[in-house]
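I opened the model to look up how the chains touch and how one of them is built. My notes follow in the order of looking.

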Amino acid sequence: MKNFLEARHITKRYANHVALSDVSISVPAGQIFGLLGPNGAGKTTLIRTLNRITMPDEGQILFDGHALCPADIHNIGYLPEERGLYRKMKVGEQAIYLAQLKGLSSKEAKARLTEWFERFDIMPWWNKKLEELSKGMQQKVQFIITLLHRPQLLILDEPFSGFDPVNAQQLKQEILRLRDNGHTIILSTHNMESVEQMCDTIALINHSQVVLGGEVDDIRRQHRTGLFQATLHEGTLAGEPGLYEVEPAESRHGEHNYLIRNTGGLANSDLCIRLARQAQLVSFCEKLPTMNEVFLKVVGENAKWSDQQIENKQDK
Amino acid sequence: MNKILIVIRREYLRRVNKKSFILLTILLPVLMVGIVAVPIWLGGISSDKQQTVAIVDDTQQYAQAFRDTPDYHFIRTTSPEEQFKSEDNEVEAVICIRPSDRPNMPDVKIYSRQEVQGMLLNTVKQTVNAIVQQKKLEASGVENLEQILADLSQPVDIGTYKWTEDGAQQSSNTGIAMASGFLLTFLIYLFVLSYGSMVMQSVIEEKTGRIVEIMVSSVRPFQLMMGKIIGIMLVGLTQMAVWGVFLALFLSLGGQIKGISGSDIADMFAAVQGLPLAEMGIMFLLMFLGGFLLYASFFAAVGASVNEQEDSSQFVMPVMLVMIFAIYAAMAAMENTNGPLAFWASIFPLTSPVVMMVRLPFGVPLWQELLSLALLFATSVLMVGVGAKIYRIGILMYGKKPSLKEIGKWLRY
């Protein structure tokens with residue numbers, strides 16, 4: 001598959017620490033790419049590098065097949081984690097101004113903005129000052145502004161923070177719709193559930209380096225822990241020493257769910273056959289780890305709280 | 001459209017469309033004229049009610065000297081002052097003049113039901129003093145003393161003239177030159193500081209409002225900073241232009257009434273028109289541009305470095321001190337606009353915009369003007385470069401207030 005964006009061997013050093021060390025990522029075209037990592041791992045620096053806000057010390061960024069150049073920022077929509085717009089400026093005026101800076105003519109910006117506002121039924125906001133809107137409304141406005149110039153690449157940093165569940169769901173659908181329309185999306189988030197639901201590929205950054213990357217399904221398979229779940233209506237299952245262990249059943253609504261730990265390295269089908277001999281199986285499936293579990297395992301559950309945050313604040 | 005133009009346009013229009021700006025720009029000149037004109041006008045109106053003042057003069061020497069004024073009508077009486085104490089008479093005050101122990105020195109007292117007005121007190125003082133003085137002169141016995149004294153009090157009249165380049169003599173007015181010089185000094189000080197700190201406000205607003213990250217993902221930080229500085233500079237120039245038009249109108253109107261009004265005012269206008277107005281105007285503009293660029297880029301760097309308004313004072317303070325020094329230097333330089341203080345302070349780029357202004361009405365050699373401008377603009381360009389570097393890093397830095405050392409480090413990135 002064609003990569004829309006590639007970062008190759010990006011290194012960025014600040015006075016006292018290295019923010020990015022030989023970071024390479026490949027973002028396939030038309031997919032949602034999850035950029036994960038604990039706070040202070042270097043995500044923001046990477047995102048700023050992709051936006052040409054900061055320049056890398058080493059490395060190269062390929063954008064749609066060519067080296068990233070100033071004109072490409074017209075093709076990037078960026079929603080920073082720290083949201084902010086001009087508080088005293090009217091919503092419509094502000095959106096048009098920001099779209100003009102992304103290369104749109106004021107007429108074009110106005111037409112597109114009208115379209116969006118009508119679609120979300122928020123035309124009355126047009127002449128309101130931003131500070132008159134609620135936080136959720138401001139978020140929506142900012143999301144629209146991010147998209148107004150129809151960028152091929154969208155970089156969304158924690159897009160769901162500050163939204164209530166209903167609006168978050170709406171936003172999620174909007175993002176998926178954008179992907180279906182051919183936009184490439186980089187999604188940076190701590191919400192692992194949404195990563196599983198939305199992302200096709202991910203990169204996990206920890207301590208300034210990419211420590212994990214690839215397709216979400218592959219990664220989950222790679223981190224399989226040999227756990228299986230078997231469901232029975234009647235009968236019981238017991239472990240076979242040296243091959244697999246069975247944990248006591250959990251019964252609900254007449255179904256008995258067993259957790260089976262494959263300790264002997266049996267192939268899935270062998271395990272299935274051995275279990276089927278013991279009782280009538282209703283279902284048998286492998287329990288793949290959630291992205292949350294993968295994240296915790298890779299980053300380390302006992303990573304220190306203070307690890308990077310302080311370092312991150314200083315000497316950028 | 002070029003992005004820097006888009007930024008300039010927004011910064012400019014947003015400010016110029018503000019009601020407060022429009023009001024200030026139009027009202028201030030009106031207010032200034034008002035502040036000068038209204039008291040003069042009001043002072044000219046005398047009260048329509050003449051008050052009656054009774055004079056009880058036991059010496060019989062002073063009462064006849066009192067003449068009615070628009071405010072007071074004097075009546076002479078011999079009845080004792082207690083008679084006027086009651087409310088039911090028209091007499092506002094009673095002046096009692098009695099002989100005292102000393103010769104030619106009466107004992108004067110004023111009685112009234114209210115506090116005695118300063119105007120009445122002055123009238124009485126002047127009238128009585130004049131007679132006392134005259135009596136004392138007569139008592140001295142020197143012949144023609146009055147004449148001699150009148151001679152003595154003649155002031156010497158010094159006319160000041162300036163030789164113009166074509167050899168003609170032109171009447172000049174040192175007072176007007178000093179006043180106009182100081183006016184320009186004050187204006188440039190005001191403009192550079194108020195519009196410079198407007199740049200800082202605006203940068204802090206963008207930084208604390210977290211809008212800056214979106215902005216720099218669309219425009220380069222340098223474009224954003226310069227757009228802001230130039231936009232705000234244009235606002236300043238707009239205000240100046242409006243005031244300039246007011247001033248030109250005022251001067252040309254003044255020129256027209258010159259014929260009919262008093263010779264003092266006519267002289268004043270002649271003196272103003274005798275100043276190198278074009279040179280002053282051009283230098284004012286250039287010095288403002290250079291000075292503003294210098295200070296505004298400094299202020300932009302400060303705004304970018306701090307996280308909130310309060311933190312900025314540490315950095316702004318030294319600059320304010322320099323500006324205040326410049327104002328004092330300008331005041332000192334006014335006495336001798338070609339002295340060493342005036343010269344050096346009007347060449348040194350941090351003070352030159354302010355100090356050069358006092359010198360201009362007295363004439364400054366062209367080479368000094370050019371040297372001063374060249375130094376000012378060179379320093380401005382340097383400051384823009386330094387400011388842009390600090391700005392670029394600072395606007396994306398949150399957290400604790402950076403130390404000077406850290407800011408120094410940013411310069412090397």
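Entry 1, the contact. This is a predicted model. I looked up the contact between the chains and found 15 residues from chain B and 19 residues from chain A in it. On the side of chain B that touches chain A, the elements giving two or more residues are α1 (3-16) and α6 (212-216) of chain B. I then sorted the residues of that side of chain B by type: six are nonpolar, four are polar and five are charged.

Entry 2, a sheet in chain A. I traced an open sheet of six strands, with mixed pairing and the order β6-β7-β8-β3-β9-β10 (chain A). Its edge strands, β6 (76-79) and β10 (209-215) of chain A, each pair on one side only. On average, neighbouring strands of the sheet are turned by 15° against each other, direction ignored.

I counted 10 helices and 14 strands in chain A. Its C-alpha trace spans about 70 × 45 × 40 Å along its principal axes. Chain A has 316 residues, and 35% of them count as buried. Among contacts in chain A between residues at least 6 apart in sequence, I found that 70% join residues at least 24 apart.

Key:
Residues numbered from 1 in each chain as written. Chains lettered and ligands numbered in written order. Predicted model: local features only at pLDDT ≥ 70, side-chain atom pairs only at ≥ 80, totals over all residues. Contact = placed C-beta atoms within 7 Å. Helix = DSSP H or I, 4+ residues; strand = E, 2+ residues; numbered from the N terminus. Nonpolar A, V, L, I, M, F, W, Y, C, P; charged D, E, K, R; others polar. Pairing = 2+ DSSP bridges. Axes fitted to C-alpha atoms, helices over the stretch in contact; angles between N-to-C directions. Buried ≥ 20, exposed ≤ 12 C-beta atoms within 10 Å, placed from the backbone.
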